[in-house]
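Here are my notes on the model you sent over.

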Amino acid sequence: MSELPEIASLWIGGRLSWLEQLCLKSFADAGHHTTLYSYEPIPNVPEGVHTADAADIYPAEPMLRHARTGSPAIHADMWRLNLLKQTDKIWVDADMYCYRPFDYTSPFVFGWEKEGLVCNAVLGLPRDSKTLDALLEFFKDEYAIAPWFKDWQIKELEAERDAGRPVHMTAQNWGFTGPASVTHFLIETGEIEHAWPEPAFYPVSFPDRNHMIQSRFNVEERFTEDTRGVHFWARRMKPRLEEKENNTPRRGSFMHGLIAKHEIDPAAAPIPAKKPNANAKAPVDDPKFQAEIGLAALKGDASMDKLCRDFLVDKQFIKKCRDTIKANAVKLF
């Protein structure tokens with residue numbers, strides 16, 4: 001076997017949980033030179049994983065956080081593009097598990113998450129990739145309006161821009177700088193032809209993510225010869241594990257077996273509790289704030305996208321506020 005490609009990931013925010021430890025160690029155990037970049041020292045990096053200064057690739061400031069959630073995912077999206085331009089490493093999210101060695105000889109390494117969407121949880125592009133150059137050029141304008149948006153979304157953003165309120169990349173819909181943009185430019189350049197089918201990295205879909213922590217499902221039946229990685233969808237998986245599963249996958253589940261295989265101790269690195277949305281324009285449990293949101297939604301003057309930007313809450317919360325008013329309207333008259 002030829003030498004395996006080097007793997008790189010980024011971590012922003014203190015200690016790793018056991019889930020990130022498991023994923024990173026899986027690549028090291030598979031024989032990959034695996035580097036975890038960070039802006040500050042991480043005290044519990046698993047054995048076999050190398051560390052490096054993230055600032056060598058892309059500066060820490062300004063830290064690009066999603067306005068609604070506070071997540072540094074946007075910064076990570078920009079960081080990974082610069083990593084690919086400066087190195088020959090393959091990027092993997094810290095919640096991507098290495099099921100088999102990534103024994104690829106092509107520098108193009110990415111795959112379909114579902115029909116019409118390439119996920120960037122695994123992303124390898126050569127330094128001279130037309131897609132990579134197009135992405136870096138597009139995001140030079142932090143207020144760019146995505147050509148892949150629907151016509152009504154583009155018109156809404158153009159109206160905000162023309163009114164002197166251009167929407168910054170950090171205020172855009174979740175995923176704007178990630179899968180949506182990567183997919184668009186891969187298609188535009190023709191490099192989409194290198195995309196691997198869904199089972200390569202996403203054999204268990206986002207809606208089925210909890211099957212990996214439940215013993216009644218044999219998720220490996222969905223894997224194929226192409227399967228190299230398994231995405232754990234940590235943004236939603238981790239709250240489930242912390243809130244309902246006592247921080248550990250159920251005995252006999254797919255993930256439980258992996259913990260034993262890689263000698264990971266969940267008790268030594270528990271998943272922290274999910275932080276409430278602190279970025280909303282007011283406390284989300286404030287009845288007046290809920291009423292303001294619900295009434296704005298009922299008026300229908302703005303899209304759900306714009307309401308999310310204006311109030312810094314998610315669509316589900318907006319719908320809940322709206323439906324609460326509708327359900328109780330009869331009591332008001």
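**Notes on salt bridges and a pocket**

1. Let's start with aspartate 133, which is partly exposed at a relative accessible area of 35%. (Buried is under 20% relative accessible area, exposed is over 50%, and partly exposed is in between, with a 1.4 Å probe and protein chains only.) Its partner is lysine 85: the two side chains meet in a salt bridge, 2.6 Å from N to O. Aspartate 133 sits in helix H3 (residues 130-138) and lysine 85 in helix H2, so the pair links distant parts of the chain, 48 residues apart. Lysine 85 also counts as partly exposed, at 32% relative accessibility.

2. Before going on, a word on the ground rules. This is a predicted model, where local features need pLDDT of at least 70 and side-chain atom pairs count only at pLDDT 80 or more, while totals for chains, interfaces and linings use all residues. Residues are numbered from 1 along each chain as its sequence is written, and side-chain values use heavy atoms, with hydrogens and water left out.

3. How many salt bridges does the structure hold? There are 21, each being a side-chain nitrogen of Lys or Arg within 4 Å of a carboxyl oxygen of Asp or Glu.

4. Aspartate 88 pairs with arginine 127, with the closest N and O atoms 3.2 Å apart. Aspartate 88 is in the loop between H2 and S4, and arginine 127 is in the loop between strand S7 (117-124) and H3. Aspartate 88 is exposed at 62%, whereas arginine 127 is partly exposed at 39%.

5. Glutamate 6 and lysine 89 make another salt bridge, at 3.9 Å between the closest N and O atoms. The two are 83 residues apart, with glutamate 6 in the segment before strand S1 (7-10). Lysine 89 is buried at 15%, while glutamate 6 is partly exposed at 33%.

6. Now for the second largest pocket, at about 150 Å³. (A pocket is an open set of points on a 1 Å grid over the protein atoms alone, where a 1.4 Å probe fits, with protein on both sides within 12 Å along at least five of seven lines; lining residues have an atom within 4 Å of a point.) Its lining divides into 5 nonpolar, no polar and 5 charged residues. Helix H9 (residues 304-311) gives the largest share, 3 residues.

7. Have a look at Glu160, Arg165, Lys306, Arg309 and Asp310, which are among the residues lining that pocket. Together with Glu156, they are linked in a network of salt bridges.

Definitions and conventions. Points joined across faces, edges and corners; volume = space filled by probe spheres on them. Helix = DSSP H or I, 4+ residues; strand = E, 2+ residues; numbered from the N terminus. Nonpolar A, V, L, I, M, F, W, Y, C, P; charged D, E, K, R; others polar.
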